[in-house]
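Here is a friendly tour of a protein structure for anyone new to reading one. Have a look at it first, and then read on.

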Amino acid sequence: MTAAGVVGVLVQLAVVVGGAPLLVGLMRQVRAVLEGRAGAGIGQPWRDLRKLLKKEAIRPEGTSWVFTSGPLVLFASTLVIAAVAPFVSTASPLDGVADLFAMVSLLLLGTVALTLAGLDTGTAFGGMGSSREVTIAALAEPTILLAGFALSARVGSSNLADIVAGTLAAPAQVLSPATLLAAVAFAVVVIAEAGRLPVDNPATHLELTMIHEAMILEYAGRDLAVVELASAMRLTVLLGLSVNLFVPWGVATSSAPLALLGATAVFALKVGLLGAVLATFEVFIAKWRLFRVPELLAGSFLFGLLAVSASFFLA
Amino acid sequence: MSVLGKIIRTGRVAEPALPVPPVAGAAGAAGVRPAAPGPLAGSVQLRHIDAGSCNGCELEIGSAFGPVYDAERYGLRLVASPRHADALLVTGPVTRNMADPLRAVFDATPNPKRVVAVGDCAMNCGVFAGGHGVEGAVGDIVPVDVEIPGCPPTPEALIAALRGLTGR
Ligand code: SF4
């Protein structure tokens with residue numbers, strides 16, 4: 001593990017942790033402007049977090065360590081992804097961990113920790129949110145795997161850095177049928193996993209329609225700050241993975257300081273742009289009925305399956 | 001794409017922001033504890049509790065958070081759970097059925113917290129004073145930090161008082 005490699009990991013962590021609330025702020029601001037509002041500014045999520053960290057954390061009576069550890073597991077698992085996945089640099093010393101299957105498992109670990117915490121509160125809404133979240137996760141995770149599998153088939157490795165480097169080496173592959181199909185499948189799954197419209201409405205106040213929000217209704221103060229930061233990081237990580245797997249240009253292939261600096265700027269730009277596009281898209285649609293969501297996810301699974309077939313038969 | 005056309009034609013409807021109000025009791029309420037921003041500076045999440053209001057106050061709260069007045073630009077936000085809240089926005093006289101839930105919500109809100117009594121009813125039972133189902137004003141049940149007079153208070157008055165909490 002070289003010093004330069006460690007710097008690369010630290011840069012990546014700083015970008016994801018520091019930038020995640022700004023991404024959420026940017027998406028809210030884009031939405032506010034399109035609604036004719038003035039908006040709270042992109043720094044608002046950071047102000048919210050600063051304030052939440054100063055508040056007391058109330059733990060409801062009767063909850064166990066499952067409730068207490070939920071936010072920490074979610075945060076830690078997302079932090080690992082932020083450290084090892086090829087967001088800024090493919091030359092990470094932790095490269096060996098950046099495996100597609102490891103990433104999906106880590107994402108699922110955070111989801112499961114939070115759903116168990118939602119059940120642990122024993123409230124009606126906590127349990128309802130957990131059951132919905134698990135339903136969606138169970139339908140979405142296989143699609144992430146399939147989409148990633150379609151990309152890894154052509155480089156012969158499920159290592160994310162290898163996939164990114166493979167695409168960098170052969171740019172024409174981005175327009176191959178397998179990649180395009182995988183991109184569609186991946187996009188749907190990212191929306192579902194990140195809890196965005198039309199699957200879940202991040203701004204809702206109606207307990208009956210909530211998914212993610214319903215699980216975290218009982219968290220307060222510091223605990224809530226950790227959950228919110230981790231959710232913002234998950235969104236950043238998911239958007240970061242989608243841009244870097246499908247449009248990898250700008251990723252540093254070495255740990256030279258200048259390369260890292262440029263790659264950071266390009267990464268922030270790409271993710272910010274994708275976030276703005278997603279926020280704009282959300283203005284035009286309403287939340288779907290819960291029972292239509294499996295149809296959407298089944299459709300994306302089909303795209304994933306076609307992508308895998310195409311990567312074998314049309315390559 | 002009719003929505004897109006509408007967005008472009010409508011443009012920005014938010015009124016220009018007013019200058020930052022002087023601290024505390026901006027609405028001119030008497031006998032109110034000063035609400036210095038302190039730990040809540042820049043960001044206040046509000047949980048609205050209807051303790052028995054006629055819904056006139058709710059309409060004004062709704063419009064204060066609509067696109068025209070856009071209270072969110074001052075760092076205010078309505079949330080779904082008292083655990084997420086920094087301040088409780090209580091409307092209406094407290095009816096007998098809502099007295100206990102109001103106390104429970106107050107206890108469920110993490111410190112530091114503020115209570116905002118919205119409207120004449122919340123301050124002194126207003127037109128419902130002496131009603132058989134009325135337990136008392138909000139101040140009789142939980143400690144009130146900010147009072148916003150009016151029946152109902154205008155969105156301007158609401159926002160001016162709430163900006164005293166965020167300091168923005
Ligand atoms: S103050 Fe006026 S508008 Fe508000 S709840 Fe009372 S009667 Fe209704």
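Predicted model: local features only at pLDDT ≥ 70, side-chain atom pairs only at ≥ 80, totals over all residues.

Residues are numbered from 1 along each chain as its sequence is written, chains are lettered from A and ligands numbered from 1 in the order in which they are written, and side-chain values use heavy atoms, leaving out hydrogens and water.

## Confidence

The model scores ipTM 0.83 and pTM 0.89. For single residues there is pLDDT, the predictor's confidence in each residue, from 0 to 100. Chain B has a mean pLDDT of 83, with 88% of its residues at 70 or more.

Helices (H or I, at least four residues) and strands (E, at least two) are DSSP runs, numbered from the N terminus. Axes are lines fitted to C-alpha atoms, for helices over the stretch in contact, and angles run from 0 to 180 degrees between N-to-C directions. Angles under 35 degrees count as roughly parallel, over 145 as roughly antiparallel, 65 to 115 as roughly perpendicular and the rest as oblique.

Helix α1 (residues 3-34) of chain A packs with helix α3 (residues 65-84) of chain A at about 130°, their axes 8 Å apart. That angle makes α1(A) oblique to α3(A). Among the residues that meet here are Val9(A) and Leu13(A) from α1(A), and Leu79(A) and Ala82(A) from α3(A). By class, this contact of α1(A) with α3(A) has 8 nonpolar, 1 polar and no charged residues. Ala, Val, Leu, Ile, Met, Phe, Trp, Tyr, Cys and Pro count as nonpolar, Asp, Glu, Lys and Arg as charged, and the others, Gly among them, as polar.

On to another partner: α3(A) and helix α4 (residues 100-120) of chain A pack at about 165°, with axes 8 Å apart. The two helices, α3(A) and α4(A), are therefore roughly antiparallel to each other. Their contact includes Phe67(A) and Leu74(A) of α3(A) and Met103(A) and Leu114(A) of α4(A). It has 15 nonpolar, 4 polar and 1 charged residues.

## Around the ligand

Which residues surround the ligand? They include Ser53(B), Cys54(B), Cys57(B), Asp120(B), Cys121(B), Val127(B) and Cys151(B), where being near takes a heavy atom within 4 Å. This shell has 6 nonpolar, 4 polar and 1 charged residues.

In chain B, α2 (56-64) and α4 (119-124) each supply at least two residues of the shell. The largest share, 3 residues, comes from α4(B).

Most residues other than glycine have a negative phi, and most peptide bonds are trans. The bond from Leu197(A) to Pro198(A) is cis, with omega near 0°, and Pro198(A) sits in the loop between α7 (177-193) and α8 (212-215) of chain A. Asn111(B) and Pro112(B) are also joined by a cis peptide bond, with omega about -10°.

Asn55(B) has a positive phi, near 80°, and is a residue other than glycine. You will find Asn55(B) in the loop between β1 (44-50) and α2 of chain B.

Notes. Contact = heavy atoms within 4.5 Å.
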